[in-house]
Amino acid sequence: MSDDVVRRGRWPWVLLIVVAILAVLIVVAEFVARSILPGIVRGIVIEQLELPADQELDVDASGILLPQLISGRLDELHLQTDAVTIGGVTGAAAVTAVGVPLHGGDLDGAAGTVRIDQDEFVALAAASDLPIDEIAFAAPNVTATSSFTVIGVPVPVALTVEPGADAGELLLTPVELRVAGVTLNAAEIAERFGDAAAGLTQPHRICIADQLPAGITVTGLTIQHSTAVIDVDVDGAIITDAALQHNGVCS
């Protein structure tokens, strides 16, 4: 058998060995990338949002990282924490960003949720003009106790409010009221008690724009079991536009 034939017979084995080595290197590189990337992202987020240095924040990227790192853009990046305090309100937050640039530029987009308990929701509701004494969740709505005065006499009311969001603000819309054991809708309350109960029958807005970066917009509010879920949308330019990183304003 000639040397050429022997060499040709060895080539497939050599190629297999090379491929195997490359596969191991790719796996190792992928492992290293997944070990380093979360720490880098965590540091950037904590710095931009001015969070405590020891803030808990889980970071995970979808898909195989190496091709994304080479292209300079991550397909999806997931961030989650069980407790974060922004604007004096503490809750669990989860955000998914898509098209995340690694060398500068805007995100393709991002959206997420903030979950707060009943006590934190009470703190938010206190910022509204709705005269509320106590609040309790009754998914999908919120129940509240309040009162209004008729001829100097306080009239206790049990109020059912539908949560929502509009134009970036939280919205509480009264849908049902119970006065002295009788259930009345907003129109009936207005008819019986007139201006004295006007504050209980109108939708009330809660602006929290001044507690969030301007690039984050509230898009929804729902009650799920014992938790209020606030949906948010993130402007992809928040990475490059400093104005979007500063807190917004309430009109």
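## Terms and model

Strands here are DSSP runs of at least two residues, and helices are runs of at least four, both numbered from the N terminus. The model is predicted.

Pro140 sits in the loop that links β5 (134–138) and β6 (141–150).

## Positive phi in two loops

Ala167 is not a glycine, yet its phi is positive, at about 50°. The residue belongs to the loop between β7 (153–166) and β8 (169–179). Ala167 counts as exposed because its relative accessibility is 74%, and the cut-off for exposed is over 50%.

His225 also has a positive phi, near 55°, and is a residue other than glycine. Its place is the loop between β11 and β12 (227–234). With 73% relative accessibility, His225 counts as exposed.

## The disulfide

The structure holds 1 disulfide. Cys207 and Cys250 are the partners, with an S to S distance of 2.1 Å. Cys207 lies in the loop between β10 (204–206) and β11 (216–224), and Cys250 lies in the segment after α6 (242–245), so the bond ties together parts 43 residues apart in sequence.

The link is left-handed, with -90° about the S-S bond. Cys207 is partly exposed, at 21% relative accessibility. Cys250 is partly exposed too, with a relative accessible area of 32%.

## A nonpolar patch

Ile36, Ile40 and Ile44 form a nonpolar patch on the surface. Together they have about 280 Å² of accessible area.

Ile44 is part of helix α1, which covers residues 3–48. At 46% relative accessibility, Ile44 counts as partly exposed. The value does not reach the exposed class, because that class needs over 50%.

## A buried glutamine

Gln68 belongs to helix α2 (residues 65–71). Its relative accessibility is 5%, so Gln68 counts as buried. The cut-off for buried is under 20%.

What does Gln68 contact, leaving aside its neighbours within four places in sequence? The partners are Ser62, Gly63, Arg73, Leu74, Asp75, Glu76 and Leu102.

Note on methods
Residues numbered from 1 in each chain as written. Predicted model: local features only at pLDDT ≥ 70, side-chain atom pairs only at ≥ 80, totals over all residues. Heavy atoms only, no water. Buried < 20%, exposed > 50% of the residue type's maximum accessible area, 1.4 Å probe, protein only. Contact = heavy atoms within 4.5 Å. Patch = residues over 30% accessible without salt bridge, like charges linked within 9 Å, V, L, I, M, F, W, Y side chains within 5 Å. Areas by Shrake-Rupley, 256 points an atom, 1.4 Å probe, with all protein chains shown as cover. Salt bridge = Lys/Arg side-chain N within 4 Å of Asp/Glu carboxyl O. Disulfide = S-S within 2.5 Å.
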